[in-house]
Amino acid sequence: MAGTVAGFPFVGRDDVLGEVRAVLAGAAAGHGGLVTLVGAAGAGKSRNAG
């Protein structure tokens, strides 16, 4: 199932969104974490961060 970002389907990034959600859940539970989005221009870093 595709995630949704800003109301639009986000196809092919469920793995990335799942990892970010897991880190955010850990942060909400009081555990520190860091997410770094790296990749080539046009790879979707800004869309993943949004």
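## Surface and burial

Accessible areas here come from the Shrake-Rupley method with a 1.4 Å probe, and for residues only the protein chains shown count as cover. By that method the accessible surface of the protein chain comes to about 3,700 Å², and 62% of this surface belongs to carbon and sulfur atoms. Of the 50 residues of the protein chain, 12% count as buried, where buried means under 20% relative accessible area, exposed means over 50%, and partly exposed lies in between (1.4 Å probe, protein chains only).

## Model and confidence

This is a predicted model, in which local features need pLDDT of at least 70 and side-chain atom pairs count only at pLDDT 80 or more, while totals for chains, interfaces and linings use all residues. Residues are numbered from 1 along each chain as its sequence is written, and side-chain values use heavy atoms, with hydrogens and water left out.

The pLDDT, which is the predictor's confidence in each residue on a scale from 0 to 100, averages 80 over the protein chain, and 84% of the residues score at least 70. Among the elements of the chain, helix α1 (residues 14-28) has the highest mean pLDDT, at 88, whereas strand β1 (residues 3-5) has the lowest, at 55.

## Secondary structure and contacts

The protein chain holds two helices and two strands, which follow the pattern β-β-α-α when read along the sequence; helices (H or I, at least four residues) and strands (E, at least two) are DSSP runs, numbered from the N terminus. The expected span of a helix is 1.5 Å times one less than its number of residues, so the 15 residues of α1 should span 21 Å, and this agrees with its end C-alpha atoms, which are 21 Å apart. After α1 comes G30, whose phi is positive, near 95 degrees.

Contact means heavy atoms within 4.5 Å, and of the contacts in the protein chain with a separation of 6 or more, 33% are accounted for by residues 24 or more positions apart.

## Helix α2

Helix α2 (residues 45-49) includes R47, and K45 also has its place there. K45 counts as partly exposed at 27% relative accessibility, and, leaving aside its neighbours within four places in sequence, K45 is in contact with L37, V38, G39 and A40. The side chain of K45 reaches the backbone oxygen of G39 at 3.1 Å and that of A40 at 3.0 Å.

R47 is likewise partly exposed, with a relative accessible area of 35%; R47 and F10 are 37 residues apart in sequence, and their C-alpha atoms are 8.8 Å apart in space. A49, also placed in α2, is exposed, with a relative accessible area of 58%, and the C-alpha atoms of A49 and T36, 13 residues apart along the chain, are separated by 9.6 Å.

How values were computed
Polar contact = N/O pair within 3.5 Å; in protein donor to acceptor, adjacent residues only side chain to side chain.
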